[in-house]
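Let's take a walk through a protein structure together. Have the sequence and the 3D view handy, and follow along.

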Amino acid sequence: MEYERIGHEMEHDPRWPSLKRFVRGGFWRNFKVRYPESDEMYARMMMVSRKLERAMEAGACGALVDQARTELYRGQCNCCYWHGAFGGCICPISATPPTIT
């Protein structure tokens with residue numbers, strides 16, 4: 001909604017034609033096609049999410065379930081998909097493990 005609001009507010013601004021290309025959304029489908037390793041990670045996270053949900057529906061609870069949910073959320077955060085301080089699958093050096101000194 002915020003994206004649409006900004007587009008409507010800026011459409012009559014004389015700077016909008018030159019700025020519009022920087023304010024655009026992308027498609028997750030395209031990202032998964034361009035980076036098949038991200039598609040594989042996404043599919044695995046969905047599988048784990050479904051398994052965790054089924055376990056919880058069957059009555060599983062406690063520290064292990066809480067830990068599994070935390071690890072699932074960690075696997076779903078954007079760090080592993082995007083570039084940045086922690087690498088990610090689109091960072092060319094992400095396959096190199098960090099050196100601990």
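Which residue does glutamate 40 form a salt bridge with? The partner is arginine 44, and the closest N and O atoms of the pair are 2.6 Å apart. A salt bridge here is a side-chain nitrogen of Lys or Arg within 4 Å of a carboxyl oxygen of Asp or Glu. Side chains of opposite charge can pair when their charged atoms come close.

Before we go on, a word on the model: it is predicted, so local features need pLDDT of at least 70 and side-chain atom pairs count only at pLDDT 80 or more, while totals for chains, interfaces and linings use all residues. Residues are numbered from 1 along each chain as its sequence is written, and side-chain values use heavy atoms, with hydrogens and water left out.

Back to our pair. Glutamate 40 and arginine 44 sit four residues apart in helix α4, so about one helical turn separates them. Glutamate 40 is partly exposed, with a relative accessible area of 40%. (Buried means under 20% relative accessible area, exposed over 50%, and partly exposed in between, using a 1.4 Å probe and protein chains only.)

Now look at α4 itself, residues 36-57. Helices are DSSP runs of H or I with at least four residues, numbered from the N terminus.

Which residues of α4 are buried? They are Ser38, Met45 and Leu52. Looking down the axis of α4, you'd find its buried residues within an arc of 50 degrees, so they line one face of the helix. (The arc is that of the directions from the helix axis to the C-beta atoms.) The face turned away from that buried side carries exposed Pro36 and Glu57. Just after α4 comes glycine 59, which takes a positive phi of about 105 degrees.

Salt bridges turn up elsewhere too: the count comes to six. One of them joins arginine 5 to glutamate 9, with the closest N and O atoms 2.3 Å apart. These two are four residues apart in helix α1 (residues 2-10), so again about one helical turn lies between them. Arginine 5 is partly exposed at 35% relative accessibility, whereas glutamate 9 is exposed at 53%. Glu2 joins in as well, linked with Arg5 and Glu9 in a network of salt bridges.

Notes. The expected span of a helix is 1.5 Å times one less than its number of residues.
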